[in-house]
Amino acid sequence: MQSKLDDLPQLMKQANKVYLDNFPAVTNFERAIFFSWYCDIRDCKFCYMSTQPKDQEFKQKGRRTTESLLAETLLIKHLKWDFGFLSGGKGAYDSDDFVELVKKIHIVLGEKIWINIGPLKKEELKQLQPYVKGVVGSIETVNKKVHDFVCPSKPIEPYLEMFQESTKLGMDNAITIILGLGETEDDFPALKEMIEKHNISKIHFYGLNPHKDTSFEDSEPPTKQYQAWWIAKTRIECPKIDIQMGIWEDRVNRVSYLLDAGANSISKYPALKVFGKESAYEIEKECQKARRTMRGTLTKLPKIDWDMAVEELTLDQELKSKIKIKLKLYLKKMEKNLK
Ligand code: SF4
């Protein structure tokens, strides 16, 4: 039987042309920041957080400190990466504390951010809007049967309602899709319909990362050809959409292939942890192979006065002191990698 992947070379050629007709030949790395390992839902079958402790004590302990999140944001800014989105488990913050956090990130980054924290109501969106440019819905899969199985307590409808409200407020909408959960290429029309109907301007295509102690522990991640098929098809059918490819450290060698399939940028790679390591150089080479100029760097630390960069922020002095300490720890690790 003929597989849809048989047409992939032709599809990719077309997708690459559509990409270059709509975007410059550049790419970049996008860093998503996670604020917690705690989640109220905790039953999505692929998710690492579903394996984490369920007690209330962990709700506090599983949250990152504000200074750590802000130090990371400052690094993103100066390494010239893009701030993918701010995300974390549901229930880790109450609403006022979360707005306060987003406001601080906005101060450090100097621009509005994307957030991915579950479906939000109109009033919540309005509160966040001064600091937030768009909302990301973790749809994971558009195959309804697969979705009911993998995300039993995370229905899609509230996200669609959020997209209606965010659109009315003039905010942008994005979705995340994890390939390899049990969907097939036959689900593409449902994805296209969702993109068009809900003003989705950005899509993150991740591949399953099989976590220990989850239902997918023994599953295989999707092949690069399968991930490329979804990217190419989306590029051709939705020429102007912003497409991120999610890769993990073990999938660096598919970067040029997925850029050729029409992706805009790279995400999910643990760039801080492996900054300046071999795989970081490999990503930069992969971008060259796809004839894309990469904005920002995964291998060179900019020579700036980091203490001064923190001092210039309009934050209270105590927090700035804590950010400096955290930042030094990150930089020390990155410098050690470079040696
Ligand atoms: S809601 Fe998100 S963080 Fe929580 S278990 Fe599901 S996928 Fe994981």
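Helix 3 passes helix 13 in a right-handed crossing, where a crossing is called right-handed if the near helix is turned clockwise from the far one by less than a right angle, and left-handed if it is turned anticlockwise. The structure is a predicted model, in which local features need pLDDT of at least 70 and side-chain atom pairs count only at pLDDT 80 or more, whereas totals for chains, interfaces and linings use all residues. Residues are numbered from 1 along each chain as its sequence is written. Helices (H or I, at least four residues) and strands (E, at least two) are DSSP runs, numbered from the N terminus.

Helix 3 and helix 13, the latter spanning residues 317-338, pack with their axes 8 Å apart and at an angle of about 60°; axes are lines fitted to C-alpha atoms, for helices over the stretch in contact, and angles run from 0 to 180 degrees between N-to-C directions. On the side of helix 3 the contact is made by T66, E67, S68, L70, A71, L74 and L75, and on the side of helix 13 by L319, K322, I323, K326, L327 and Y330, two residues being in contact if their C-beta atoms, placed from the backbone, lie within 7 Å. By class, this contact has eight nonpolar, two polar and three charged residues, where Ala, Val, Leu, Ile, Met, Phe, Trp, Tyr, Cys and Pro count as nonpolar, Asp, Glu, Lys and Arg as charged, and the others, Gly among them, as polar.

L319, placed in helix 13, is in contact with T66 and E67 when its neighbours within four places in sequence are left aside. The C-alpha atoms of L319 and L70 are 9.5 Å apart in space, although these residues are 249 residues apart in sequence. L319 counts as partly exposed because it has 15 C-beta neighbours inside 10 Å; a residue is buried if 20 or more other C-beta atoms lie within 10 Å of its own, exposed if 12 or fewer, and partly exposed in between, with C-beta atoms placed from the backbone.

Helix 3 (residues 66-79) also packs with helix 4 (residues 95-109), at an angle of about 30° and with the axes 9 Å apart. Helix 3 and helix 4 are therefore roughly parallel to each other, since angles under 35 degrees count as roughly parallel, over 145 as roughly antiparallel, 65 to 115 as roughly perpendicular and the rest as oblique. The crossing of these two helices, helix 3 and helix 4, is right-handed. The contact is formed by T66, L69, L70, T73, L74 and K77 from helix 3, together with L101, K104, I105, V108 and L109 from helix 4, and it has seven nonpolar, two polar and two charged residues.

Helix 1 (residues 8-22) and helix 9 (residues 224-237) pack with their axes 9 Å apart at an angle of about 45°, and the two are therefore oblique to each other. Helix 1 passes helix 9 in a left-handed crossing. Among the contacting residues are L8, L11, M12 and V18 of helix 1 and A228, W229, A232 and I236 of helix 9, and by class the contact has 10 nonpolar, two polar and two charged residues.

Around the ligand are found C39, I41, R42, C44, C47, M49, S50, G89, K90, S138 and K154, a residue being near a molecule if its C-beta atom, placed from the backbone, lies within 6 Å of it. This shell divides into five nonpolar, three polar and three charged residues. R42 lies in the loop between strand 1 (26-34) and helix 2 (56-61), and has a positive phi of about 55° although it is not a glycine. R42 is partly exposed, with 17 other C-beta atoms within 10 Å.

C151, in the loop between helix 6 (144-150) and helix 7 (157-168), touches C44 and E140, not counting residues up to four places away in sequence. With 21 C-beta neighbours inside 10 Å, C151 counts as buried.

Two further loop residues were examined. D213, in the loop between strand 6 (200-207) and helix 9, has a positive phi of about 70° although it is not a glycine, and is exposed, with 9 other C-beta atoms within 10 Å. N264, in the loop between helix 10 (255-260) and strand 8 (265-267), is buried, with 23 other C-beta atoms within 10 Å. Leaving aside neighbours within four places in sequence, N264 is in contact with F23, T27, D242, I243 and Q244.
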